[in-house]
Amino acid sequence: MTFDSKPRGRSLDDKDKKPPPQPITPVAPGSYDAAAIILLSDGRRTAGVDTLEAAKMAADRGVRIYVIGLGSVGDAAAMPEGMPIYLQLDEPTLREVARMTGGEYHHAGTAEALRSVYENLGSRVQVQTRETEVTALLALLSAGLALVAGVLSLVWFRRVV
């Protein structure tokens, strides 16, 4: 017996009502200096969002993508332990991602070439560490809490402790 008229469950077929994503205002590609992506890829998409669509989303937000192409340009295959692994590189897609976002494309077919690319990128893409003093802010917050506690004590107990 139920006395409540509201349904208690929902069908698995019902979709959650999520608000639509807020529209963004596109900015110039590569204009956001505080963010960059280093993408190591062969360029072939196996799942997820389309590569060029993801690059467009990054470009609209001003994020620069530095692309490092891993693999061989031809139809070569690596044979570790007798199992062929095809490493064909989709260079046109990777070059387009770099172009769309204002980044750069580098091909790294060998470990030495990859090391060289990282040294080259490391001189331009750097992490900056900044120290910010927050002691005064915390002291102000604690003084405010003490003041609120005193006022609430006066209101509840109607006396000064």
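**Figure 1. Confidence along the predicted chain.** In this predicted model, helix α4 (residues 135-157) has the highest mean pLDDT among the elements of the protein chain, 93, while strand β3 (residues 77-78) has the lowest, 56. Here pLDDT is the predictor's confidence in each residue, from 0 to 100, and elements are DSSP runs numbered from the N terminus: helices (H or I) of at least four residues and strands (E) of at least two. The mean pLDDT of the protein chain is 79, with 76% of its residues at 70 or more. Local features need pLDDT of at least 70 and side-chain atom pairs count only at pLDDT 80 or more, whereas totals for chains, interfaces and linings use all residues. Residues are numbered from 1 along each chain as its sequence is written, and side-chain values use heavy atoms, leaving out hydrogens and water.

**Figure 2. The order of elements.** Let's follow the protein chain from its N terminus: its elements run β-α-β-β-β-α-β-α-α, giving 4 helices and 5 strands.

**Figure 3. A parallel open sheet.** Three strands line up in the order β1-β2-β5 with parallel pairing, where pairing requires at least two DSSP bridges between two strands. At the edges are β1 (36-41) and β5 (105-108), each pairing on one side only. From one strand to the next, the twist averages 20°. Strand β2 (residues 64-70) joins β5 over 4 bridges in the parallel sense. Look for G69, which stands opposite H107 in β5. Helix α2 (residues 91-101) packs on the sheet and touches β1, β2 and β5; contact means heavy atoms within 4.5 Å. The direction of α2 makes about 165° with that of β2, using axes fitted to C-alpha atoms (for helices, over the stretch in contact) and angles from 0 to 180 degrees between N-to-C directions.

**Figure 4. The largest nonpolar core.** This core has 11 residues: A55, A58, V63, I65, V67, L89, L94, V97, A98, M100 and Y105. A nonpolar core is a set of buried Ala, Val, Leu, Ile, Met, Phe, Trp, Tyr and Cys residues joined through side-chain atoms within 4.5 Å; buried means under 20% relative accessible area with a 1.4 Å probe, counting protein chains only. At least two core residues come from each of α1 (51-60), β2 and α2, and α2 gives the most, with 4.

Figure 5. Leaving aside neighbours within four places in sequence, A58 is in contact with V63, I65 and T101.

Terms used
Buried means under 20% relative accessible area, exposed over 50%, partly exposed in between (1.4 Å probe, protein chains only).
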